[in-house]
Amino acid sequence: MAERTFNLPDLGEGLEEAEIVEWKVAEGDSVQLNQPIVDVNTAKALVEIPSPWAGTVVKTYGADGDVVKVGEPLITLDVVGGEEAAPAEGGQEPKKREAVLVGYGVDQEGKSSRRRKLKPPGPRQAAAATVEAPAGPQAAGKVLAAPPVRKLAKELGIDLSSVPGTGPEGRVTRDDVQRAADTAPAAASAPAAPVIGSGAETRVPIKGVRRLIAQKMARSWAEVPHVTTFHLADATNVEALRRELTEEAGTKVTALAVMVRAFAELCAQHPKLNAHYDKDADELILLGSKHVGIATDTDEGLVVPVVRDVQAKGIVTVAREIVELVEAARSRRATPEQLTGGTVTVTNVGTFGSDFGTPIINIPEVAILALGTIKPRALVVDGEVVARPAVTLSLSFDHRFIDGAEADRALTDLRGLLESPFRLGQLPRG
Amino acid sequence: MADETVRILAPDGRVDEEDRRGLDLKDEDLRQLFRYMVLARNVDLECTALQRQGELAVYPPAIGQEAAQIGSAYALGERDMVYPSYREVGVAISRGLDMVEYMKFHRGTWHGGVNDPVGSGFGMFSVPVGSQPLHGTGHALGTKLDGKDVVTITYFGDGATSQGDVHEAMNVAGVFGAPIVFFCQNNHWAISVPLEKQTAGQIYRKAEGYGFPGVRVDGNDVLAVYRVTREAVERARAEHQPTLIEAVTYRIGPHSTADDATRYRTKEDVEAWQQLDPIERFRMFLETAGIADQSVFLEAEAEGKDLAATVRAGIQGAPPRDVEDLFRWIFAELPPVLVRQRDEVLRLAEEDRDG
Amino acid sequence: MADVTMAQALNRALRDSLAGDDRVLILGEDIGKLGGVFRITDGLQAEFGEQRVFDTPLAEAAIAGVSLGLTQAGWKPVCEMQFDAFSYPALDQVISHIAKYRYRSKGTTGVPMVMRIPFGGGIGAAEHHSESPETYYAHTSGLKVVVPSSALDAYNLLVRSVQDPDPVIFFEPKSRYWAKESGDLAAEGAPIGQARVLKEGQHATLIAWGAMVSRCLDAAEAAGEDGVDVEVLDLRSLVPLDIETLAASVQKTGRAVVVHEAPMTAGFGAEVVARIMEDCFDHLEAPALRVTGYDMPYPPATLEEHYLPNVDRILLALDAVLTH
């Protein structure tokens, strides 16, 4: 003999409980297989339950009128023949039953009840910072890009949220990602993973200037919460002034020089752009002089020669100095003074055809301006679409000290300056 | 019942001797008929209990319909083919089906109830009411095209006669002269809807419209059912003519174990039909005629208990089905889309096993 | 090599099947003396007799259910639903029995039958004669759903369908019945379950079946004139679906447009697009688009040109995926 407990089965079509109407056996009674033991009332019918085993009643659960849930014990029997006689999977153990439409769900053995753990998702590619300063018409917090572009960005180690999208509705295109990889040194020099199966590998030691660049970029990227904001400016007047001054001076005056000079003017209006962050003192040092670094591509890598006191100089002078400094840097003749002491930086990504940049701040500075390529674009002037030379101004700023609104005001002012023949004309020319 | 109803055995066990002598049944056959009826009753009761004990999902008892089922099935030849509905436990037993496999349908272990329909001469359960007579007609047509000496019988209920498929089947069978017997067990109830709400006419007379004979028989009289089915089978075999048989009987139990018949019919109704119980009626005849005695009855009862115990032990002891079976028989060859799905299920099942 | 219409090719496929396998039967409405309303069974009763090619009463559920019964007596019936929209009365037999018999019988009892359904619009027909119900069948596990797009492949696919061990729903694009193709009739083409690349291209993939395949080829040609190199994929069978060929093509081009006559919502195009999402996500340059019939009852014949996908609509979709 062995004790077995019979649990209330689902008597049909997903019932959950039944009310005991009348016990037909009492503790101590001996019962036969299929002998009626109890009448129960389900939501659908009065049902007579037959004993699943022959044996002696040890215990009945619930009195007449009590409600028993499906799967809960109904009766315990001392079963004739014990383990051997009792069927292997007769309702002896509490069974988990699941409501089904026509029937019962025999038992849930073998059915998974294990709750699988989900892997928490990684951070979304859109950084929170872009929320305050959305790049162009992109929706806040979302980067629009086709799946293969996302894949490419991942392979190249490019953070999509840092790439300005040139596609429809600000969608990041394959070209945008490629450009970001080509122009953002930190990013371009550090692909996430080597492309497997691409043939023989070449290992290039990172040393010298490259190493310094790498360290500086990495530090800036790690420490500074970068945000980049973009404005498209009509460059008609910049071009006109450049040509005018070139003729006047008899030497080439570039649009870069005009804009660097204008930027220095802007920094006077927005002193927080022209500042150093003193980490140890935790102070922002607003600097009087506008020493503008010019990010320059050399065979060694990126170097930043500095045009000193730009605010004190005329455009033609700035133009000439830029040519000299860049030449010196490329021929490795630049002196340490020429390569240090900048208060703010300009990078001319347009040189290589880029429309936009998301430049990395040259710490301890707190802002950097990227100038895109100047080319004819469809602009709306007086309600008419016209082709005008235009330039995109990309301003990366340290979001710890400069808010999006301030940065956008600064860029709006810069755009206003560049677009206004009157105000542009007031800049010192010589 | 009207005069047209064929009956040999009266409810009190008396027989029309002339009719009985016309039957090609030996005493041994009569005892066998009795035995099958008792087996069916026992299996029905056991399976109802098994459902109450949580071992079957649902069960549709055929209590009260044993004479209709066993009398008709006994009239078939060995190679004849059956297309049942889902309440033909008596037919299944007398055709020698494996009743453990059969009940796996009701346990939810697998569909269909029959392992090898063509091989065992017994089509799978057909739950969509009235859909199977078309399969029977097709099969009958097929065997006729081959010139085979095979008759097909299809079972359905009074409710099914409201279904278009049943009429399409009879129509096609009439047009092509298919060797088939349409066997309708009029048990008076389609779940809760009574016969008079299924048809304003008489079931057996619908055959006339299809151009073949229709017969009404007392479905609780195993001898009469045997006789009319035997005649229909012979007619199908020899003349390729279909027959519609309406066996008037009664569903003593609920539609299924999930049903509560007290909601729509009276106790008196049921009790009146219990007085016409087909097994008791036949037992009285066998005893009075000296064909069987108490020992035969007790032996049949014991055999019934054995079969019930076999079913109980069989379904409880059946190993769980291989998860891979889910995908094994969808197509002869599993297409790539399903290969993926199967691999996922197997992987998840394996992960579950490994914890 | 002679020109052959799809109707002739299908007729030859049935004739060769009847001649090559004496268990094959043909049944349906008006398929005997008349030779079928589209003449697909023309001459077959005369050649093979009324035992093997026979008209049935006008009852589609019966045609389907009787065909199932015939398979269990050892025959291989090829039954015809006269028109797409007349196949619906047979759906219960198809879904509840024909599709499930092998499964329910644990593999012992397959259903080797073919149900031919002329389908689709573009033939200026009256109501109930122009529908595209392939999704109902593709959604029912256990059925193969086969759709030829050209005469030679129609022959190949129908012969293979008749010999298939599982039930095949064989959709015949009515508007292509009289389209000719030059070549020999032989069941030597790709088997059921393989898609065909009918035109290779680099810039985008057009995916279609049945009548829309030729429409896509026309669109691809037009796109080619504009310098756009479009690949055209003929699925040939919706079940089994050739996900490998589909994925390979879309992974190559990165852009996909599915074209079908049936309404858009829950149409088979949705299934194709979902497969593309699963297998080609990282390769997509643009969302996969659908060009389909609109979500409405099939319109009257004089308006169907606005309903059916045409070259312009396909080109618009191509433009959308190319300029995304």
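Guide: Angles under 35 degrees count as roughly parallel, over 145 as roughly antiparallel, 65 to 115 as roughly perpendicular, and the rest as oblique. The model is a predicted one. Let us begin with the sheet of chain C, an open sheet of seven strands in the order β3-β2-β4-β5-β7-β6-β12, with mixed pairing. Its edges are formed by β3 (53-55) and β12 (237-239) of chain C, each of which pairs on one side only. From one strand to the next, the twist averages 20°.

Within this sheet, β2 (residues 24-28) and β4 (residues 76-80) of chain C pair in the parallel sense over five bridges. One example is C:L27, whose bridge partner in β4(C) is C:C79. Helix α1 (residues 6-20) of chain C packs on the sheet, where it touches β2, β4 and β7 (168-173) of chain C, and its direction makes about 135° with that of β2(C).

Another helix, α3 (residues 60-72) of chain C, lies across β2, β4 and β5 (114-119) of chain C and runs at about 170° to β4(C). Helix α3(C) also packs with helix α7 (residues 132-145) of chain B, at an angle of about 55° and with the axes 6 Å apart. The helices α7(B) and α3(C) are therefore oblique to each other, and α7(B) passes α3(C) in a right-handed crossing. Among the residues that make this contact are B:G138 and B:L141 of α7(B), and C:G65 and C:L68 of α3(C). The residues of the contact of α7(B) with α3(C) comprise seven nonpolar, ten polar and no charged ones.

Notes: Residues are numbered from 1 along each chain as its sequence is written. Chains are lettered from A and ligands numbered from 1 in the order in which they are written. This is a predicted model: local features need pLDDT of at least 70, side-chain atom pairs count only at pLDDT 80 or more; totals for chains, interfaces and linings use all residues. Two strands pair if DSSP finds at least two bridges between them. Helices (H or I, at least four residues) and strands (E, at least two) are DSSP runs, numbered from the N terminus. Axes are lines fitted to C-alpha atoms, for helices over the stretch in contact, and angles run from 0 to 180 degrees between N-to-C directions. Two residues are in contact if their C-beta atoms, placed from the backbone, lie within 7 Å. A crossing is left-handed if the near helix is turned anticlockwise from the far one by less than a right angle, and right-handed if clockwise. Ala, Val, Leu, Ile, Met, Phe, Trp, Tyr, Cys and Pro count as nonpolar, Asp, Glu, Lys and Arg as charged, and the others, Gly among them, as polar.
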